[in-house]
Amino acid sequence: MGFTVQKAGMCTTVQDRGRFGYMDSGFSPSGVMDKRAYRLANLLVENGSEDPVLEFVLAGPTLRFTTDTIIAITGGDFSPVINGKHVGMYKAIRIRRGDILQLDAARSGMFGYLAVAGGGVRVPEVMGSRSTNLKCEIGGYQGRALENGDYIPFVTHTVDYIANLASHTIDADAEFPQKDGKIDLRVILGPQDQMFTAKGIETFLGEEFETTAHSDRMGYRLAGPKVETVGGSDIISDGIVFGAIQIPSDGKPIIMLSDRQTTGGYAKIATIASVDIPKLVQARPGTKVRFTPISIYEAQDLIRAEAREYSKLAKHIKRPARGDVSPRRTARRLTPFLIKQSVRADTERKWIRTKE
Amino acid sequence: MEYTIKIAGDSAVCLEFEQVISEKTSSSIRLAAESLGKLAIPGIIDVIPTFCALLINYDPLAIDYDQICQRLNASLLNINEVDLKIKHIVEIPVCYGGEYGPDIDFVAEHAGLSVEEVIAIHCGRDYLIDMLGFLPGFAYLGGLDSRIHSPRLEAPRTRVEPGAVGIGGAQTGIYPLASPAGWRIIGNSPVRPYDPDREKPILYKAGDFIRFVPISAEEYARIEAEVADGTYECTFLTEGV
């Protein structure tokens, strides 16, 4: 069982962490744009950290579920509604067969994520990943963005599948992309920072840039002052990483993202620290951007700190919460233990009435 | 082996070799990539060889920057750069000219040669794959004979068919997918360099050689049919240098 797509949204695709091991053959890695929101969506429904999710952009889809399950929605604020009722984000949500989930236009941010409990949506793995690669038309759902009428299967689970469901929630306000229109991104200089003049580096680190409408899964183009090179920005084409900041000859930064080409011929002045890439990815056109340099050691400390935060969260959401204490369910759970005890004590079972 | 390790963000390093496109640099990079493949250092996710560099993506939670530099230097620094004695060749059958290669007359005229001469020159040598990029399976080939170098189209075609073989300036190559293209198209191959459903989705890797073999329209149709029902077997050769 699964869901049918009633309204597909702008560019709704199946994505996971990305397709690795084929970049040397020219395959973009694809994969989710906002890795934090992706990770949290899977965490909230107790999925594996690499399970596939739906990613949507600016206008989310409307889905009709043909079975019970549990879902979580993260990323920008898409104000999700189920059967006409607001349900909130960054929490596990029970879905009943026939429920209609509507995701609105994003009130903040660019990308949203939907995780389904029990391992996510079921699409075949292509070359080690379930991510959609739109250019090569592989992976995800038939290698393309979802369309009205598509039916996406997942493994059916009951709404009781996850224990302590009410605890499966994270402070959404802290996670939603900032609306103040300014972001500060930490960067690690290199690999070709030597191709820029001292003045160029100063411009890059000291001045303000702005995100533009030329932003998609391939990369975000920034507007701002010209970053000066020593003698042009052409290099012999080499490999490009997620979050690399290319400066083409017009001097305006382009930040390379999930659907980037694997190689390119422009000098790369710096790379955004992994933990800060979600901030950029969720930035609407017109957001002011500043870059602050940090060392490779600081950047890797940040990654480790975030990993610790994830494992703490994963434990935290499993604690029992008040909303989950139902007398009837508690009684049902305890009954077998009480019976066993009473049998062991070799007493008559007169004080517990069981179904005969 | 000589290289410098450069930081490419918090999850990758770039090994920079001599910044000159040459067979020597290419073979060093190939050797480095092969050694890393054999060593299978835990934490390395992906390795991208290019003309003069090797990008190594790694998981910093499994191996940190200092550790990866140490591991790389321990495994690569004392590799002797012997010339590789074996070359791996992939044969790509090509039907030149006509509807398959609409620009071959231009290339011939530009070179002051006959069409037959252009074909003989184009398939007269093996081409080293310096790197793959741009599209899945798009090979950047080195060593095109300077007599048939041809300028790119002023306005790129919006679509060329998969298998198109073209010349762009001093480069030649084959389009694995339908794509917009600015190269002069001189032929087409019924073989698909990229097929996601095949066990080996990409027929070749950087460091291999491509040998173009001229075929007739009848042979083209036969191979095309074999490719379509999955019975075609591509020819892979191994030769001493």
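Val90 of chain B stands opposite Phe236(B) in strand E14(B), and Val90(B) also stands opposite Ile210(B) in strand E13(B). This is a predicted model, in which local features need pLDDT of at least 70, side-chain atom pairs count only at pLDDT 80 or more, and totals for chains, interfaces and linings use all residues. Residues are numbered from 1 along each chain as its sequence is written, while chains are lettered from A and ligands numbered from 1 in the order in which they are written.

**Partners of strand E5 in chain B**

Strands (E, at least two residues) and helices (H or I, at least four) are DSSP runs, numbered from the N terminus. Two strands pair if DSSP finds at least two bridges between them. Strand E5(B) covers residues 86-96, and its partners are set out here.

| Partner of E5(B) | Residues | Sense | Bridges |
|---|---|---|---|
| E14(B) | 236-240 | antiparallel | five |
| E13(B) | 209-214 | parallel | six |
| E12(B) | 184-188 | antiparallel | two |

Another residue to look for is Cys95(B), which stands opposite Asn188(B) in E12(B).

**A sheet in chain A**

Now turn to chain A, where an open sheet of six strands runs in the order E7-E6-E9-E4-E1-E11, with antiparallel pairing. At its edges you will find strand E7(A), residues 85-86, and strand E11(A), residues 151-153, each pairing on one side only. E11(A) meets strand E1(A), residues 2-7, in the antiparallel sense over three bridges. Phe3(A) stands opposite Ile152(A) in E11(A).

**Where the chains touch**

Residues are in contact if their C-beta atoms, placed from the backbone, lie within 7 Å. Between the chains, the contact takes 33 residues from chain A and 39 residues from chain B. Elements giving two or more residues to the chain B side include strand E1 (4-7), strand E2 (12-16) and strand E3 (44-49) of chain B. E3(B) gives the most to that side, with five residues. By class, the chain B side has 27 nonpolar, seven polar and five charged residues. Here Ala, Val, Leu, Ile, Met, Phe, Trp, Tyr, Cys and Pro count as nonpolar, Asp, Glu, Lys and Arg as charged, and the others, Gly among them, as polar.

**Two domains in chain B**

Chain B is divided into domain 1 (4-76) and domain 2 (86-240), with bounds that come from an automatic or database domain assignment. Their centres, taken over C-alpha atoms, are separated by 30 Å. Seven residues from domain 1 of chain B and six residues from domain 2 of chain B form the contact. Helix H1(B), residues 23-39, gives the most to the domain 1 side, with three residues.

Technical notes:
Two residues are in contact if their C-beta atoms, placed from the backbone, lie within 7 Å.
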